[in-house]
Structures are given as structure tokens and as C-alpha cells.
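Here is my note on the two-chain entry you passed along.

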Amino acid sequence: MSAETNGTLEICHIRKSFGPKLVLDDVSLSVKPSEIVALVGPSGSGKSTLLSILTGTLVPDHGEILFSGNVIGERDRPFTYMPQRDVLLPWRTIVDNAGIGLEVAGMGRRDARRRVMDLLSAFGLAGTEDLYPRQLSGGMRQRVSFLRTVIQDRPVLLLDEPFGALDAITRDELQQWLLEIWALNGWSILLITHDIREAVRMADRVLILSSQPGPLIKGVTVPRDIPRDGGFLTDPRVSPLEAELHEKLGLAVRR
Amino acid sequence: MTRMRAMTTEPDQLLRRGLASVSHTLAKVLPPILAFLALMAIWQVVSTAGIVPPDMLPAPSRILTSGYHERENLALHALPTLTATLAGFSLSVTVAFLTASILDFFAWLRRALLPLLIVTQTLPLIALAPLVVLWFGFGMLPKILLVAFVTYFPMVVGFLRGFDSAEPEAEWLLRSMGARRWTIFRKVRLPSAIPSFFSSLRISITYAVVGAIFAEYAGATYGLGVYMQSAKNVFRTDLVLAAVLVSTLLTLALYASVSLIERIFVPWLRIEQGGAR
């Protein structure tokens, strides 16, 4: 394990087809520690297939996934996955929904609850522990979903269009909020999205998955010194980046 | 930075909602009660006016008074019926749960057995009841078995349908957390089945008492079925109907207890169904 690859996620030359239909071909990318990489692509470009390969639901035909330079195992994966919909279980209270990943990993319910309770207020969820998911707004549910993801304490977060189902105002609020929490914790994030603005706002690097199977296309690199909070919208560097990404994405769809 | 968006409810809002739900319940409950009372009134008039001889169709008032005089005897016979119902029901729920769980794990077994289970539903209870008594005697066992038999199938189907109602995304999520099949069953599929389990519980409980009475008809020493038969043999239609009333009350009480259990032990269900937000 060299210092170079320590904590780095590397996806190398992944190929996957379903029957005769090739979905992913020679897909490679890497996410360095504390880096946010966004992957944008039109629907049907294989985003969810790639996610399934990362979470272990699908096995690639070719290629491998390395973490810290080692091929990752069947079970013990360095990822936690946050699905597009919150998928909170209606029979579990908020505290038990947030802690289910810990329970699956073998922790007792009481200990899992204690861990969740410690983090609840930091996630803006204080006082909601005994409520059921239905009793929360969509934005609050997504926070619970995010807490359920990060509490599993893995170095890499896989976020699958985490704000796609929310209204614009809540989405904006949660994007900022997520970045604030990220700044304190420094996970690596692989963000799947089809929202150009979201990709530019959240990510250090944006990559494009084209509708034709093939290697990822380099999108844009977003300097960290661009403010991501309220100042983001007025920063003069943002529009050109969004325009550039927009154009590249257009080419990727047509290609 | 992070604003709370949980539901907060003002007291007067709570009161208004409470009143609204009371009037909603009244609107639902009142029409059937009125219809029932009207029907009873017509019956009372038809019988007391002698349009139909009271021995053939005793008036509701007479059924109630005769039933009241016979209350100790009726209770004596209602108890074994209730016992058989509860025992048979517990048996069927347990066996149905085990069967459905096994069938949920083995799809091929499900394909093989489900059609057979459906066929068992076509067996006529009338023919089966005397046979069960013939095989297992006049005691409690044949009643329990018959109750279990009539309630088993809806319970199995309820469980199976419930397991299948689990969200694939939730199973997928747990798999991404490293959960194996058994954990997914326990944490996702099983709880998903609870609403469906309770609705089939409510359906089968209405069959259960009838099943027990049927078995008693076929042969028993105690039970509402026996009581009805002996009252009929001495032309006491009022007592037959009093026993019918008791069996109806038993069924209603069981139905109500299922609903009560559901309310107490499954609080999220009402929230999920939009009962309280």
C-alpha cells in the first residue's frame, strides 16, 4: 500500500453487458480521499449499473475495483450507498431507521440507537427520534437517509441522485448542508446525478458517462476556492463551467 | 442553519381535528345502526302482531328475555366454542406463518404447493366436519382442527402477499449494507407483511367461530352448535336465535380485539395509512 493510493477508490476498466447489450465498457475512474467526484450522464447510460457493481449487487464481466490499492472483497466494502428515494422503513422510528445499517453490521439495537442519538442534532434531526418516517417532510427524510448512510462509517459515500426527489428550495438547502457536514468529516464522495448545477456545486471533478458505452469523458474541474454556499450563484467562474459541462454533455449524448 | 421541520400541532388544532374525526366516525357508524334498529322494529311488529306465528319467528324482545333467562346455560356452551375458536386460530396462524415463510424462501416449493392449497379451499366444510369428528372423536381436538382448517388458507395467502409487498429498493439497500437473505427477511420482508397479516386476520376471524359451531353440529357434548341443535329439537326457536346472537357477539368481540391489538402493537400502521399525520 503506497501513500499514493492510500484511501483512494479506483475503478479500473469495468465492462458489463446484459446479454448482447453492452452497457458499460472500459469505465475507469478514481476518487481520492476527501474528494467529491460527480458522475453525470443521460438516463440509460449505465449509471445505476455502475452503482450496482460498486455495491456488489452485480458482478462486472471485466475489470476490478481497488481501494487503497487492494481489490475489494465480496462483503467488506469501503462504501455506503444512499439511494435516490429515502427508502425509510415505515415501521421503524427515525432513530431505528438511521441505525439499521449498524444493526445489519451486527450491532445491537440499543448500541445502534445510542450512536444515532449522538449524531441526531448535528443532522438537524433533534427531537424526531421517536417519530415515524411519514411524519417528516421530504427534506427531513432525506437527512435521515443521509445519516443512515454516513453512520456506517465507511470512507466512501455513493450518492445516487440524493436530492432528485426534492423541491428546488429544499434541494438547495440540503446541498449546502451536505457540504458543511462533508467539510467536517472528509469522506470521499461519488455523486451520481443528472443535474449539471448540482454536479458543479458539489464536486471537485465532474465526469461524463455517455449514452454510447465507452470510457468516461472528462467534464470539468471545479476549484475548491469557489464558494459553494450563497456565493456560489454569483461567482463569475461558475457560469462558464456550467456552460462547458453542458456542451460536453450534449456531445456525449449525441456521440 | 438547520431548521426543524417536524410537524408541530397546536392544541386548538388538535381539538378541531379530534372533533372532525368524531363526526367522521359518527357519519360512518350511524347509518348501519339506524338500519339495524329499523329492521329490528319491523321484526318486532311482524312477530307481536301475529303475522308470523311467534313460535316460528319469535320477536327480538322475546329472544333477548329468553336468552337472559338461559344466560348461565348459554355461557356454559359459549365457553368451549370460544376456546376451540381461539385454539384453532392460534394453531392456524402459527402453521400459516411457518408455511408462508418456507414458501417465501423456496420459490419452487411455492409453485408446487400453492395450487394444492387453493384446492383445499374447495373442500366442502359440511362434508368435512362429520369426518373430522369421526377421526378425532367428540372432544375439543376436532373443533380446533376444523377452525384451523377454515382459517389457514386466508392466513397463508395474507402472509405470502405481505412478504411480496416488501419494497425491492429496501431489500437492495440492505444488501448493499452486506445483509444476507435471512437478515433481509427479518428486517424487511417480515415487517412488510404486517398490514396484510392483520387484514387477513380480520377476514379469517369471521370464519373461525362459524367453523367451530359447524364442528359442534357434527358431534359434541358442549358448545353453541350443540345448544342450537338441542333447542331446535324442542322447537325453542327463541333459544336457537339467542345462541345465534351469542355467536355473533363472540365474532364481533374477536374482531374488535384484533383491531385493538393492531392499534396497540402496530402504531405506525395508522400513521402510514394517513390516520394521523
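**Notes on the predicted model**

1. Chain A, make-up and size. Chain A contains eight helices and ten strands. Its radius of gyration is 18 Å, close to the 18 Å that the globule rule gives for 255 residues, so chain A is as compact as a globular protein of that length. Along the principal axes, the C-alpha trace of chain A spans about 50 × 45 × 40 Å. Please keep in mind that this is a predicted model.

2. Chain A, burial and contacts. Of the 255 residues in chain A, 42% are buried. Take the contacts in chain A with a separation of 6 or more: 69% of them are between residues 24 or more positions apart.

3. The six-stranded sheet. In what order do the six strands of the open sheet in chain A run? The order is β6-β7-β8-β3-β9-β10, and the pairing is mixed. β6 (79–82) and β10 (217–221) of chain A are the edge strands, each pairing on one side only. From one strand to the next, the twist averages 20 degrees.

4. One end of that sheet. Strand β9 of chain A covers residues 205–208. β9(A) pairs with β10(A) in the antiparallel sense, over four bridges. Within this pair, R205(A) stands opposite T221(A) of β10(A).

5. Helices on the sheet. Which strands does helix α1 of chain A lie across? Helix α1 (residues 47–55) lies across β3 (36–40), β6, β7 (156–160) and β8 (188–193) of chain A. The angle between α1(A) and β7(A) is about 150 degrees. Helix α5 (residues 138–150) of chain A lies across β6 and β7 of chain A. α5(A) runs at about 165 degrees to β6(A).

6. The four-stranded sheet. Chain A also has an open sheet of four strands, in the order β2-β1-β4-β5, with antiparallel pairing. Its edge strands are β2 (21–31) and β5 (70–71) of chain A; each pairs on one side only. Strand β4 (residues 62–67) of chain A pairs with β5(A) in the antiparallel sense over two bridges. L66(A) stands opposite V71(A) in β5(A).

7. Domains of chain A. Domain 1 takes in 1–78 + 159–255 of chain A, and domain 2 takes in 88–153. The centres of the two domains of chain A, taken over C-alpha atoms, are 25 Å apart. Nine residues from domain 1 and five residues from domain 2 make up the contact. On the side of domain 1 of chain A that touches domain 2, seven residues are nonpolar, one is polar and one is charged.

8. Chain A against chain B. How many residues of each chain take part in the contact between them? In chain A there are 28, in contact with 24 residues of chain B. α3 (100–104) and α5 of chain A each supply at least two residues of the side of chain A that touches chain B. α3(A) gives the most to that side, with three residues. By class, the side of chain A that touches chain B has 14 nonpolar, eleven polar and three charged residues.

9. Chain B, make-up and size. Chain B has twelve helices and zero strands. The radius of gyration of chain B is 24 Å, whereas a compact globule of 277 residues would have one near 19 Å. Along the principal axes, the C-alpha atoms of chain B fill a box of roughly 80 × 60 × 30 Å.

10. Chain B, burial and contacts. Buried residues come to 32% of the 277 residues of chain B. Among contacts in chain B between residues at least 6 apart in sequence, 75% join residues at least 24 apart.

11. A residue in chain B. F198(B) sits in helix α9 (residues 194–217) of chain B. Why does F198(B) count as partly exposed? F198(B) has 19 other C-beta atoms within 10 Å, and a residue is called buried if there are 20 or more. Leaving aside neighbours within four places in sequence, F198(B) is in contact with V258(B) and E262(B). H24(B) is 174 residues from F198(B) in sequence, and their C-alpha atoms are 23 Å apart in space.

How values were computed. Residues are numbered from 1 along each chain as its sequence is written. Chains are lettered from A and ligands numbered from 1 in the order in which they are written. This is a predicted model: local features need pLDDT of at least 70, side-chain atom pairs count only at pLDDT 80 or more; totals for chains, interfaces and linings use all residues. Two strands pair if DSSP finds at least two bridges between them. Axes are lines fitted to C-alpha atoms, for helices over the stretch in contact, and angles run from 0 to 180 degrees between N-to-C directions. Two residues are in contact if their C-beta atoms, placed from the backbone, lie within 7 Å. Ala, Val, Leu, Ile, Met, Phe, Trp, Tyr, Cys and Pro count as nonpolar, Asp, Glu, Lys and Arg as charged, and the others, Gly among them, as polar. The radius of gyration is taken over C-alpha atoms; the globule rule is 2.2 Å times the number of residues to the power 0.38. A residue is buried if 20 or more other C-beta atoms lie within 10 Å of its own, exposed if 12 or fewer, and partly exposed in between; C-beta atoms are placed from the backbone. Domain bounds come from an automatic or database domain assignment.
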